[in-house]
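Hi,

Here is the structure I said I would pass on. Have a look at it first, and my notes follow below.

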Amino acid sequence: MILIKNGFVIENNQLVQKDVLIDGEIIKRVCSNIETEAQVIDATNLLVMPGAVDVHVHLREPGYEYKETIKTGTQSAAKGGVTSIMSMPNLNPCPDCLDHLEVQKKIIQKDAIVNVYPFGSVTVNEEDKELSNIDEMANEIYGLSDDGRGVNNLEILAKAMELAKKYNLTIASHAEDNVYKYAPEGEYIAVRREIELAKKIGCKYHFCHMSTKESFDAIRKAHQDGYTNITCEVSPHHLALNQDQIINANFKMNPPLRSEENRLATIEALLDGTASMIASDHAPHSEEEKSLEYDKCPNGIIGLETMIPIIYTQFVKTGLIDLNRFLDILVYNPINIFNLPKRDLKEGMIADIAIIDINNEETYVKEDIVSMGKNSPFIGNSYYGFNKMTFVKGKVVYKK
């Protein structure tokens with residue numbers, strides 16, 4: 001057994017000192033002053049929380065192992081205090097049928113050190129031309145996405161929505177109109193039309209990495225009209241940065257960094273509940289790729305290792321969000337919206353736990369990055385809330 005002593009847990013929006021006893025894969029007790037024979041881990045002045053859940057991660061394997069592998073990507077997640085991730089399907093082979101999905105799942109079973117739940121693609125090879133074989137994948141996945149590309153073929157999208165509704169799957173949309181692409185209009189024009197389709201069909205529909213005021217206005221209106229099955233996420237980089245801060249290719253992603261007005265609208269959406277969760281959109285690339293000219297290098301930044309610190313420092317420590325909301329946006333809402341296996345810091349639950357240093361500031365340096373990708377705009381910044389230790393199913397998978 002393992003006993004985490006003297007840490008703080010979040011109860012009723014307060015930090016309360018409690019011990020956590022782990023027996024095998026399970027949390028056996030959470031209470032004050034546990035005395036028992038066990039391996040003791042001293043968590044004095046640290047936050048003991050359920051591991052974070054990130055529904056938007058690019059693991060790159062199979063197909064692009066020079067950028068990241070399932071092994072290194074899940075090690076990066078563990079370092080960041082993220083114990084469950086959903087992996088995006090822009091892979092080779094693309095998980096557009098059961099055989100292709102199994103290629104990825106076999107590597108996950110062999111190499112992953114955190115829980116990985118793969119998305120199936122909406123269309124074959126994410127080419128927006130032919131519907132993936134959703135029927136045969138349905139029992140093996142929790143969501144559908146063509147992330148990295150917008151589905152502009154609304155006839156195919158409608159069929160995917162019908163199947164998502166049938167199998168209680170959530171579609172995660174990379175909303176992008178083919179005409180306007182990276183411009184703000186490219187996002188919110190696609191958002192508006194996809195909302196209308198989702199309202200008509202009634203499936204669970206989730207918008208990835210929202211970044212414009214008009215998109216949030218449309219999603220907010222859908223909620224006001226009673227369509228709470230239409231949800232969205234925001235990413236730390238769209239909350240923390242704007243387009244005037246772009247220095248190099250480590251600031252290049254899709255959606256791109258927007259105006260300060262749109263950044264403030266993104267924060268407002270998180271604060272008022274329009275955005276229900278944080279997702280990193282962890283997108284590693286090789287240093288060679290990211291050293292190309294800005295216009296020629298690929299979109300994407302890494303984010304698994306900085307997601308919790310950025311949100312804790314810029315939102316919890318400043319009082320913009322409370323402790324309950326911190327857990328909602330990083331743990332509970334992703335689980336509920338995607339119907340993932342339940343996790344919580346409670347007796348009888350699986351011991352997926354992160355131990356976070358909320359009292360000491362630490363600088364994020366390139367040398368400490370575990371991901372194969374080093375493409376972060378946050379290198380050199382200092383934050384509170386870096387992770388010290390991670391448990392997955394009661395086993396220590398990361399220790400600083």
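**What I found**

Lys 79 is buried, with a relative accessible area of 12%. Keep in mind that this is a predicted model. The lysine belongs to helix 1 (residues 70-79). Beyond its neighbours within four places in sequence, Lys 79 has contacts with Glu 305, Asp 368, Val 370, Asn 387 and Tyr 398.

Ile 356 has a relative accessibility of 1%, and because the cut-off for buried is under 20%, Ile 356 counts as buried. Along the chain, Ile 356 and Gly 51 are 305 residues apart, yet 9.9 Å separates their C-alpha atoms.

What about the rest of strand 14 (residues 353-357): how many of its residues are buried? Five of the five are. In a regular strand, side chains alternate between the two faces of the sheet. Here Ile 353, Ile 355 and Asp 357 point to one side, Ala 354 and Ile 356 to the other, and both faces are covered.

Which strands pair with strand 14? One is strand 5 (residues 47-50), antiparallel over four bridges, with Leu 47 opposite Ile 356. Another is strand 17 (residues 386-392), also antiparallel, joined to strand 14 by five bridges; there Thr 390 is the bridge partner of Ala 354.

In soluble globular proteins, nonpolar side chains tend to be buried together. The largest nonpolar core in this model has 89 residues, and Phe 207, Phe 326 and Leu 330 touch the most other members. Helix 11 (residues 323-338) gives the largest share of this core, nine residues.

**The parallel sheet and the helices**

Next, an open sheet: five strands in the order 9-10-11-12-13, with parallel pairing. Strand 9 (143-145) and strand 13 (277-278) are its edges, each pairing on one side only. Inside the sheet, strand 10 (residues 170-173) and strand 11 (residues 204-207) are linked by four bridges, and Thr 170 stands opposite Lys 204.

Helix 6 lies across strand 11 and strand 12 (230-234), at about 145° to strand 12. Helix 6 (residues 213-224) also packs against helix 8 (residues 260-272), with an angle of about 25° and axes 8 Å apart. Angles under 35 degrees count as roughly parallel, so that is how helix 6 and helix 8 run relative to each other. From helix 6, the contact takes in Lys 213, Glu 214, Phe 216 and Arg 220; from helix 8, Glu 261, Asn 262, Ala 265, Thr 266, Glu 268, Ala 269 and Asp 272. By type, the residues of this contact are six charged, three nonpolar and two polar.

**A buried cysteine**

Is Cys 297 buried or exposed? Buried, at a relative accessible area of 4%, although Cys 297 sits in the loop between helix 9 (287-290) and helix 10 (307-316). Apart from residues up to four places away in sequence, Cys 297 touches Ala 249, Lys 252, Glu 289, Lys 290 and Leu 292. His 285 is 12 residues from Cys 297 in sequence, and 9.5 Å from C-alpha to C-alpha.

Most residues other than glycine have a negative phi, and most peptide bonds are trans. Here are some exceptions to look at:

- Glu 61 to Pro 62 is a cis peptide bond, omega near 10°; Pro 62 is in the loop between strand 6 (52-57) and helix 1.
- Asn 92 and Pro 93 are also joined by a cis bond, with omega about 5°; Pro 93 is in the loop between strand 7 (82-87) and helix 2 (98-111).
- Asn 125 has a positive phi of about 55° and is partly exposed, at 34% relative accessible area.
- Asp 281 has a positive phi of about 55° as well, but counts as buried at 8% relative accessibility; this residue is in the loop between strand 13 and helix 9.

Cheers

Technical notes. Residues are numbered from 1 along each chain as its sequence is written. This is a predicted model: local features need pLDDT of at least 70, side-chain atom pairs count only at pLDDT 80 or more; totals for chains, interfaces and linings use all residues. Side-chain values use heavy atoms; hydrogens and water are left out. Buried means under 20% relative accessible area, exposed over 50%, partly exposed in between (1.4 Å probe, protein chains only). Helices (H or I, at least four residues) and strands (E, at least two) are DSSP runs, numbered from the N terminus. Two strands pair if DSSP finds at least two bridges between them. Axes are lines fitted to C-alpha atoms, for helices over the stretch in contact, and angles run from 0 to 180 degrees between N-to-C directions. Angles under 35 degrees count as roughly parallel, over 145 as roughly antiparallel, 65 to 115 as roughly perpendicular and the rest as oblique. Contact means heavy atoms within 4.5 Å. Ala, Val, Leu, Ile, Met, Phe, Trp, Tyr, Cys and Pro count as nonpolar, Asp, Glu, Lys and Arg as charged, and the others, Gly among them, as polar. A nonpolar core is a set of buried Ala, Val, Leu, Ile, Met, Phe, Trp, Tyr and Cys residues joined through side-chain atoms within 4.5 Å.
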